[in-house]
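Work through the exercises below with the model open. Try each task before reading its solution.

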Amino acid sequence: MKKEIRIGVLAYQGDVEEHLDATRAAAKKIQRDIEVVSVRTKEDIAGLRGLIIPGGESTTLYKLCRREGIFEDIKKIPNIFGTCAGAIMLSKSVGNKMAGQETLGLMDIEVERNSYG
């Protein structure tokens, strides 16, 4: 039986397991048939209705998304939530950005990147 909704958690670094567990628990609580998956490759991103980008180091997340060829695909996902480095990835403006670092530029917010990224 196909799941009603497919939501991914970008699984390169950060609290990936905690985000997966919390999303599964939320789905159960609201009694929705939601498939929650780890996202690392183009195959993983196919068919997602939502994506959670956890914390970590924003430059590393950017580089890994580029390496795996999913950076542009992420922009097409209709619902995205980012925590910590995930919020940096979503923002249109980043203070203290590393040279060459790009963001998804999806949220009209300005964030200040700390020395840890």
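**Exercise 1. Find the bridge partner of Val9 in β2, then describe how the two strands run and what links them.**

Step 1. Val9 pairs with Ser38 in β2. This is a predicted model: local features need pLDDT of at least 70, side-chain atom pairs count only at pLDDT 80 or more, and totals for chains, interfaces and linings use all residues. Residues are numbered from 1 along each chain as its sequence is written, and side-chain values use heavy atoms, with hydrogens and water left out.

Step 2. Strand β1 and strand β2 (residues 34-39) run parallel, joined by six bridges. Strands pair if DSSP finds at least two bridges between them. Strands (E, at least two residues) and helices (H or I, at least four) are DSSP runs, numbered from the N terminus.

**Exercise 2. Decide whether Arg6 is buried or exposed, and trace the polar contacts of its side chain.**

Step 1. Arg6 sits in strand β1 (residues 5-10).

Step 2. Arg6 is buried, because its relative accessible area is 18%. Buried means under 20%, exposed over 50%, partly exposed in between (1.4 Å probe, protein chains only).

Step 3. The Arg6 side chain reaches the backbone oxygen of Asp44 at 3.0 Å. A polar atom of that Arg6 side chain also lies 2.4 Å from the backbone oxygen of Ala46. A polar contact is a pair of N or O atoms within 3.5 Å; within protein, one must be able to donate a hydrogen and the other to accept it, and residues adjacent in sequence count only if both atoms are side-chain atoms.

Step 4. Leaving aside residues up to four places away in sequence, Arg6 touches residues including Glu35, Val37, Leu48 and Gly50. Contact means heavy atoms within 4.5 Å.
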